[in-house]
Amino acid sequence: MSPVRRCSRSACGRPAVATLTYVYADSTAVLGPLATYAEPHCYDLCAAHSQRLTAPRGWEVLRLAPDPATLGPSSDDLEALADAVREAARPAPPGEGDAALEVGRRGHLRMVPSADA
Ligand SMILES: [Zn+2]
């Protein structure tokens with residue numbers, strides 16, 4: 001029941017293979033496995049556009065899946081990480097900012113235990 005996801009770049013109708021998530025608080029663009037469903041901070045990209053991805057000046061690109069074509073059954077960890085990134089990218093109301101992924105202040109992402117149980 002999942003519709004075919006398309007690349008979000010204009011004039012590109014190829015199937016999306018990866019999802020780009022902007023973590024504004026950390027100036028990091030995270031390219032990971034295709035998201036389960038679209039979110040405001042996420043952009044689906046086809047293989048060609050994900051490989052040609054360039055970040056805005058001053059931004060860092062974190063690739064969770066350098067070659068989406070080789071993604072296999074063992075991508076669960078990557079998907080979990082990507083989900084955590086998307087969770088962190090989602091704007092949180094004041095006082096509820098402790099997302100599953102804590103974004104460091106030096107351009108690095110690190111996993112913390114999820115409280116979403
Ligand atoms: Zn494309």
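Is Tyr24 buried, partly exposed or exposed, and at what relative accessibility? The model is a predicted one, and in it Tyr24 has a relative accessibility of 46%, so it counts as partly exposed.

## Aromatic contacts

Four aromatic pairs are found in a search of the whole structure. In one of these, the ring centres of Tyr22 and Tyr24 are 6.0 Å apart with their planes at 40 degrees, so the pair is tilted. Tyr22 has a relative accessibility of 17% and therefore counts as buried, being below the 20% limit for that class.

Tyr22 also pairs with Tyr43: here the ring centres are 5.6 Å apart and the planes stand at 70 degrees, so this pair is edge-to-face. Because Tyr22 belongs to strand 1 (residues 18-23) and Tyr43 to strand 3 (residues 42-45), the contact ties together parts that are 21 residues apart in sequence. Tyr43 has a relative accessibility of 34% and so counts as partly exposed. One aromatic cluster is formed by Tyr22, Tyr24, Tyr43 and Trp59.

## Zinc site

The zinc ion is coordinated through the SG atoms of Cys7, Cys12 and Cys46 and the ND1 atom of His49, at 1.9 to 2.3 Å. The angles among the four donor atoms run from 107 to 115 degrees, and the site is tetrahedral. It qualifies because all angles must lie between 85 and 135 degrees for four donors to count as tetrahedral.

Along the chain, the donors of the zinc ion follow the spacing C-x4-C-x33-C-x2-H.

Strand 1 is mostly covered, with six of its six residues buried. Side chains in a regular strand alternate between the two faces of the sheet. In strand 1, Ala18, Leu20 and Tyr22 point one way, Thr19, Thr21 and Val23 point the other way, and all are buried.

Strand 1 runs antiparallel to strand 2 (residues 28-33), and six bridges join them. Thr21 is placed opposite Val30 of strand 2. Four residues lie between the strands of this hairpin, in which Ser27 adopts a positive phi near 50 degrees. Strand 1 also pairs with strand 3, again in the antiparallel sense, over four bridges. In that pairing, Leu45 of strand 3 is the bridge partner of Ala18.

## Helix 2

Helix 2 (residues 76-89) comprises 14 residues. From its first C-alpha to its last, helix 2 reaches 20 Å, close to the 20 Å expected at 1.5 Å a residue.

Which residues of helix 2 are buried? They are Ala82, Ala84, Val85, Arg86 and Ala89. An α-helix has 3.6 residues a turn, so residues three or four places apart point the same way.

Definitions and conventions:
Residues are numbered from 1 along each chain as its sequence is written. This is a predicted model: local features need pLDDT of at least 70, side-chain atom pairs count only at pLDDT 80 or more; totals for chains, interfaces and linings use all residues. Side-chain values use heavy atoms; hydrogens and water are left out. Rings of Phe, Tyr and Trp (its six-membered ring) pair if their centres lie within 6.5 Å; planes under 30 degrees apart count as stacked, over 60 as edge-to-face and the rest as tilted. Buried means under 20% relative accessible area, exposed over 50%, partly exposed in between (1.4 Å probe, protein chains only). Helices (H or I, at least four residues) and strands (E, at least two) are DSSP runs, numbered from the N terminus. The expected span of a helix is 1.5 Å times one less than its number of residues. Donors are N, O and S atoms within 2.8 Å of the metal (3.2 Å for Na, K and Ca); water is not among the atoms, so sites may look incomplete. Four donors count as tetrahedral if all angles lie between 85 and 135 degrees; four count as square planar and six as octahedral if opposite donors are over 155 degrees apart and all others between 65 and 115; anything else is irregular. Two strands pair if DSSP finds at least two bridges between them.
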